[in-house]
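Trainee: I've got a model open on my screen and would like to talk through its charged residues. Can you walk me through them?

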Amino acid sequence: MMTINDIQDQIIEEFEAFDDFLDRYAYIIELGALLPAMPDVLKNPDNLIDGCQSRVWVDCALEHDGTMRVRADSDSSIVKGLVALVVRVYGGQSPKDIVDADLYFIERIGLRDQLTPTRSNGLLSILKRVKASALAFTVLQERNNS
């Protein structure tokens, strides 16, 4: 299994192939188009992320093997691509690894400088939701192991 840092390094390497940020945006949109569909039942108010210009839903669940499943969707193609990257980095990882992770790929691929303030705040809200869920699952796992 790849670690969070392995996946981040892989994403950075993929983005290094693009010299122009418009090409990077096109790739982000392509990643969003490849994101597995989120069941409509999960597109509910509980999973809706506040602070996003577009509508974004994030659902986190603890799998039987102790890893976290992250599902997300958006009605914006660029934001859907951004959540596809988040799902790729965090999906299938342990909640503790997610809580402890240093997320560096966003800055290294130049997203932090290129996103509008609203998209940047939205991405931060998405990351906060995933980390909060991971923290809750970590506490739950620690209680169950006690």
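Trainee: Which residues are linked with D73 in a network of salt bridges?

Mentor: Keep in mind that we're looking at a predicted model here. There are 9 salt bridges in the structure, and some of them join up into a network. Besides D73, the members of that network are D40, K43 and K80.

Trainee: How far apart are the closest N and O atoms of D73 and K43?

Mentor: This pair ties together distant parts of the chain, 30 residues apart: D73 sits in strand β2, K43 in the loop between α2 and β1. The closest N and O atoms of their salt bridge are separated by 2.7 Å.

Trainee: Is D73 buried or exposed?

Mentor: Its strand, β2, spans residues 68-74 and is mostly covered, with 5 of 7 residues buried. The cut-off for buried is under 20% relative accessible area. D73 comes in at 7%, so D73 counts as buried.

Trainee: Which residue stands opposite D73?

Mentor: Look across to strand β1, residues 56-62, which runs antiparallel to β2 and is joined to it by 7 bridges. The two strands form a hairpin with 5 residues between them, and G66 in the turn has a positive phi of about 90°. Opposite D73 you'll find W57.

Trainee: Why are D100 and K96 separated by about one helical turn?

Mentor: Those two form a salt bridge, with their closest N and O atoms 2.6 Å apart. Both lie in helix α4, residues 95-100. They are about one helical turn apart because their spacing in that helix is 4 residues.

Key
Residues are numbered from 1 along each chain as its sequence is written. This is a predicted model: local features need pLDDT of at least 70, side-chain atom pairs count only at pLDDT 80 or more; totals for chains, interfaces and linings use all residues. Side-chain values use heavy atoms; hydrogens and water are left out. Buried means under 20% relative accessible area, exposed over 50%, partly exposed in between (1.4 Å probe, protein chains only). Two strands pair if DSSP finds at least two bridges between them. A salt bridge is a side-chain nitrogen of Lys or Arg within 4 Å of a carboxyl oxygen of Asp or Glu.
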